[in-house]
Amino acid sequence: MERARFRRLVQRALDSLPRELGEALDNIAVVIEREPSRADLRSAGLDPAEELFGLYLGVPLPERVAGGSVLPDRIVIYQGPLERAFHPRDIPREVAKTVRHEIAHYFGIDDERLAADRKSTRLNSSHVALSRM
């Protein structure tokens, strides 16, 4: 996929955030890189054979101390791993999921809570679907 199209997907994902979340983002840069470095993989707790779609680098909002100027936090979205892992028609959805996932880390939500929330959402969706029968 062309880099410009991938950038548009990331921008579309950011633009689709609820207004309150978008307004709460402060001092954060969202960047696109082709591939994660070995240091990025280590930072995420992955080995070199694993794929990394995105990475949040910074101090989560709830842990910040007021005052002083600091460099912006960063969310990195990795184009290569997403392209290898998903069919082209699925990449827009997966980019959006990755952007939301990394923004959740900015707000202090860890992977365990994200996984629990996904499981709960799936269970609640199944329950709603079943109750309509």
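1. Contact here means heavy atoms within 4.5 Å. By that criterion V95 touches F6, L9, V10 and L82, leaving aside residues up to four places away in sequence. The model is predicted.

2. V95 also belongs to the largest nonpolar core, which has 17 residues. It is one of those that touch the most other members, along with F6, V10, L14, I77, V99 and I103. At least two residues of this core come from each of α1, β3 and α5. The top contributor is α5, with six residues.

3. Three strands form an open sheet in the order β1-β3-β2, and the pairing is mixed. Residues 28-33 make up β1 and residues 54-57 make up β2; both strands are at the edges with a single partner strand each, so one side of each has no neighbour in the sheet. From one strand to the next, the twist averages 15°.

4. Strand β3 covers residues 73-78 and pairs with β2 over four bridges, in the antiparallel sense. Across from L55 stands V76 of β3.

5. Two helices deserve a look against this sheet. Helix α1, residues 3-15, packs on the sheet and touches β1 and β3. The direction of α1 makes about 150° with that of β1. Helix α5, residues 91-106, lies across β1, β2 and β3. Relative to β2, α5 runs at about 20°.

Conventions. Residues are numbered from 1 along each chain as its sequence is written. This is a predicted model: local features need pLDDT of at least 70, side-chain atom pairs count only at pLDDT 80 or more; totals for chains, interfaces and linings use all residues. Side-chain values use heavy atoms; hydrogens and water are left out. Two strands pair if DSSP finds at least two bridges between them. Axes are lines fitted to C-alpha atoms, for helices over the stretch in contact, and angles run from 0 to 180 degrees between N-to-C directions. A nonpolar core is a set of buried Ala, Val, Leu, Ile, Met, Phe, Trp, Tyr and Cys residues joined through side-chain atoms within 4.5 Å. Buried means under 20% relative accessible area, exposed over 50%, partly exposed in between (1.4 Å probe, protein chains only).
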